[in-house]
Amino acid sequence: MSEELKLPKFSVGVGDRFAHQAKAQLAACVLAAKAGVEVAPVWNKSNREHMIIGSEPSQTRLEADAAVKELRWTKPYFLDADHINLKTVARFLDPCDFFTLDVADLIGQPADAGEVAAFAQRHPELIGTVKIPRIAEPFKTDVAFVEGVANKFLAAVQHAGMIYRFLVENKGAGRFVAEVSMDETDSPQTPVELLIILAAIADEKIPIQTIAPKFTGRFNKGVDYVGDVAQFTKEFNEDLAAIAFAVKTYGLPENLKLSVHSGSDKFSIYKAIHDAMKTFDAGVHMKTAGTTWLEELIGLAEAGGSGLEIAKEVYAEAYAHSEELCAPYAAVIDIDPTKLPKPEEVNGWTSTQYTSALRHEQGKKAYNPSFRQLLHVGFKVAAKMGDRYLKALEANEEVVARNVTTNLFERHIKPVFLGA
């Protein structure tokens with residue numbers, strides 16, 4: 001396998017919907033470096049987000065490069081073409097050097113029966129008693145089990161191979177980081193299923209550096225993890241063991257690591273992730289995405305005046321169009337409509353009332369997860385405001401940036417990467 005541009009051990013996906021917070025986000029990575037840990041920023045923005053906002057990946061690149069220059073960041077940084085496929089990849093080729101291969105639509109689509117059988121024959125090590133070091137109980141499998149897993153995932157992996165080869169042909173081998181996303185499926189993969197998927201990825205000769213499996217529990221946008229923390233902890237540790245075994249067995253890149261999608265604000269599992277990384281001496285890629293957009297709103301509301309008025313207007317419009325805004329994110333939000341305040345009520349709020357409802361401080365009585373999730377998916381409202389919204393960000397840059405940096409460093413980087 002060709003040697004790829006190398007993703008460092010620790011990395012954080014930082015979404016920047018409106019390409020205005022790269023400097024504030026990078027400042028959090030600077031604070032991490034000062035605290036003794038290198039966390040590489042990966043600016044990620046999907047084709048869907050670009051379409052909604054009317055932006056281009058090249059704008060994200062310009063903003064990231066400018067922040068790196070201004071803060072004199074000399075460590076690695078990346079730009080992620082998030083959730084791309086063969087139909088959407090073209091506009092990302094030049095500016096991006098990290099590609100999340102989105103093959104979710106093909107998970108569960110039956111693969112060619114002959115190829116499924118050939119896969120099982122090629123991998124006798126996956127049949128019978130499968131012992132993965134550092135997992136106490138060996139896994140018992142048979143040909144039918146391996147073929148069943150292959151049948152579910154092989155078509156998706158083969159499509160990932162097609163996208164990867166397209167990238168090699170058009171971008172060049174060694175010039176980008178590849179991630180495969182397997183998280184948008186119906187049930188979590190067991191460690192042995194993950195191992196089978198990794199064997200298939202190796203067969204396709206995709207030198208992935210991160211993989212996003214499906215974990216137990218719900219990873220809703222912008223709010224805490226919902227699920228059994230003990231079960232998640234067990235799965236996360238076993239996934240790390242499966243990856244270490246796959247790296248040795250199949251010659252996958254040594255820096256291959258887990259990617260946690262919708263990882264922002266999953267406070268209750270951050271300790272488990274940190275402890276597991278320490279135990280296995282492993283890395284992680286944590287995607288935080290839309291949390292920055294919420295910090296922009298918090299900053300505007302905190303600034304008061306016209307900033308607070310814009311924040312209130314965004315909520316009123318999001319409330320009025322909630323069905324349309326929520327539809328694309330139905331699988332990753334849980335909003336209780338009865339907990340959403342009426343816009344008339346919000347229009348009477350002070351800066352403190354608005355920020356207290358939105359800021360993710362779970363111990364505070366005023367915090368409202370439904371309010372937060374609706375605004376999380378409501379960035380389309382701000383996009384329609386155009387220059388008015390962007391000028392408000394620029395006019396209140398100091399307070400907005402402070403919120404963005406503090407949130408990313410204190411609530412995300414510190415607990416995950418520093419264990420603080």
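Predicted model: local features only at pLDDT ≥ 70, side-chain atom pairs only at ≥ 80, totals over all residues.

Entry 1

Entry 2. I looked up the largest pocket and read a volume of about 1,100 Å³. Its lining comprises 45 residues, and nearest the centre I found Arg48, His83, Asp102, Asp183 and Glu184. I then sorted the lining of the largest pocket by class and got 17 polar, 14 nonpolar and 14 charged residues. For secondary structure, I listed strands S2 (40-46), S3 (78-84) and S9 (257-260) together with helix H2 (47-53), each supplying at least two lining residues.

Entry 3. I went on to the second largest pocket, with a volume of about 490 Å³. I counted 21 lining residues there, and those closest to the centre are Ala244, Glu254, Phe280, Asp281 and Ala282. Which helix gives the most to this lining? I found helix H7 (residues 229-250), with 7 residues. By class, the lining of the second largest pocket has 12 nonpolar, 7 charged and 2 polar residues.

Entry 4. I turned to histidine 376, which sits in helix H14 (residues 369-376). Is histidine 376 buried or exposed? I put it down as buried because its relative accessibility is 3%, and the cut-off for buried is under 20%. Leaving out residues up to four places away in sequence, I listed its contacts as Arg17, Lys221, Gly222, Gly290, Thr291, Trp293 and Leu294.

Entry 5. I also checked histidine 376 against lysine 248, 128 residues apart along the chain, and read 40 Å between their C-alpha atoms.

Key. Residues numbered from 1 in each chain as written. Heavy atoms only, no water. 1 Å grid on protein atoms, 1.4 Å probe; cavity = no way out; pocket = protein on both sides within 12 Å on 5 of 7 lines; lining within 4 Å. Points joined across faces, edges and corners; volume = space filled by probe spheres on them. Helix = DSSP H or I, 4+ residues; strand = E, 2+ residues; numbered from the N terminus. Nonpolar A, V, L, I, M, F, W, Y, C, P; charged D, E, K, R; others polar. Buried < 20%, exposed > 50% of the residue type's maximum accessible area, 1.4 Å probe, protein only. Contact = heavy atoms within 4.5 Å.
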